[in-house]
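Work through the exercises below with the sequence and the model side by side. Try each task before reading its solution.

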Amino acid sequence: MLARQEQNPVQVRYWQVNGKQGYDLRVLSPEASIADYITAVEGLDPSLLYRPYTNGDCLGCDHCCGGRLPLTSIDLQVLQQGLEELTGKRFSLPEMLEEYCQVQVKGRAVDITLRTDAEGYCIFLEPHRCRCRLYKYRPLICRTYFCCPLTRRARVLRETLVNRGEDELVRYWLSWQPAVPAGVRRHDWPPTPFAGCLSFAEVPLKSLCSLELWRQLRQ
């Protein structure tokens with residue numbers, strides 16, 4: 001069964017995954033962007049998806065607001081806008097990374113995530129109401145129902161978008177570090193299709209996918 005969609009080059013449909021209702025997707029046009037993907041996924045009816053932590057309504061459920069919440073380069077810029085609206089202050093991107101993100105370096109790996117509180121929840125979560133203070137500006141990882149079942153190609157696409165977007169954010173972070181952390185090499189993070197983009201509408205899905213993943217998404 002297809003979700004309600006109007007002329008979207010990304011088509012999402014409800015799909016049984018291991019006996020539970022999740023979703024699958026296919027890409028109808030080589031021009032499809034990450035913004036089209038987000039629109040398609042957000043068009044799903046949560047009440048029709050299996051989620052182990054809620055009865056279908058995200059409101060009041062904070063399960064996805066804890067743990068590791070990776071950020072893309074565009075997420076950081078969108079959150080910058082949201083914080084300006086929330087606080088009235090314009091933070092620079094380096095200030096955003098310092099105040100609201102966690103940068104973890106382990107060997108050659110760098111991981112940039114949203115900062116969490118003492119209990120491991122996102123600092124933008126209102127704990128008593130279980131609501132996001134910056135819901136309209138929430139990151140890509142928060143928009144894709146990652147607690148519900150996905151087909152393999154839908155899962156790999158989501159992981160690819162988040163990982164490539166985080167790679168671009170790491171590249172940006174390294175660009176203004178006075179000294180590169182021990183073990184980290186700048187050339188491990190070449191420019192990605194996210195480079196120079198201010199919105200998800202500017203990033204084509206095709207530019208991020210391997211040939212095999214793109215073939216599967218077009219079937």
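The model is predicted, so local features need pLDDT of at least 70, side-chain atom pairs count only at pLDDT 80 or more, and totals for chains, interfaces and linings use all residues. Residues are numbered from 1 along each chain as its sequence is written, and side-chain values use heavy atoms, with hydrogens and water left out.

**Exercise 1**

Solution. 
- Step 1: Locate the strands. Helices (H or I, at least four residues) and strands (E, at least two) are DSSP runs, numbered from the N terminus. E1 covers residues 10–17 and E2 covers residues 20–27.
- Step 2: Check the pairing. Two strands pair if DSSP finds at least two bridges between them; here 8 bridges join E1 to E2, and the strands run antiparallel. Glutamine 16 stands opposite glutamine 21 in E2.
- Step 3: Asparagine 18, in the loop between E1 and E2, has a positive phi of about 55 degrees although it is not a glycine.
- Step 4: Most residues other than glycine have a negative phi.
- Step 5: Classify the residue. Buried means under 20% relative accessible area, exposed over 50%, and partly exposed in between (1.4 Å probe, protein chains only). Asparagine 18, with a relative accessible area of 76%, is exposed.

**Exercise 2**

Which residues of helix H5 are buried, and what do they pack against?

Solution. 
- Step 1: H5 spans residues 211–218, and its buried residues are Leu213, Trp214, Gln216 and Leu217.
- Step 2: These residues lie on the same side of H5 because they cover an arc of only 160 degrees around the axis. The arc is that of the directions from the helix axis to the C-beta atoms.
- Step 3: The buried residues of H5 pack against E2 and helix H4 (152–175), where contact means heavy atoms within 4.5 Å.

**Exercise 3**

Find which residues tyrosine 53 touches, not counting residues up to four places away in sequence.

Solution. 
- Step 1: Tyrosine 53 is in the loop between helix H1 (34–42) and H2.
- Step 2: Its relative accessibility is 47%, so tyrosine 53 counts as partly exposed.
- Step 3: With those sequence neighbours left out, tyrosine 53 touches Cys61, His63 and Cys147.
- Step 4: Tyrosine 53 and histidine 63 are 10 residues apart along the chain, and their C-alpha atoms are separated by 6.9 Å.
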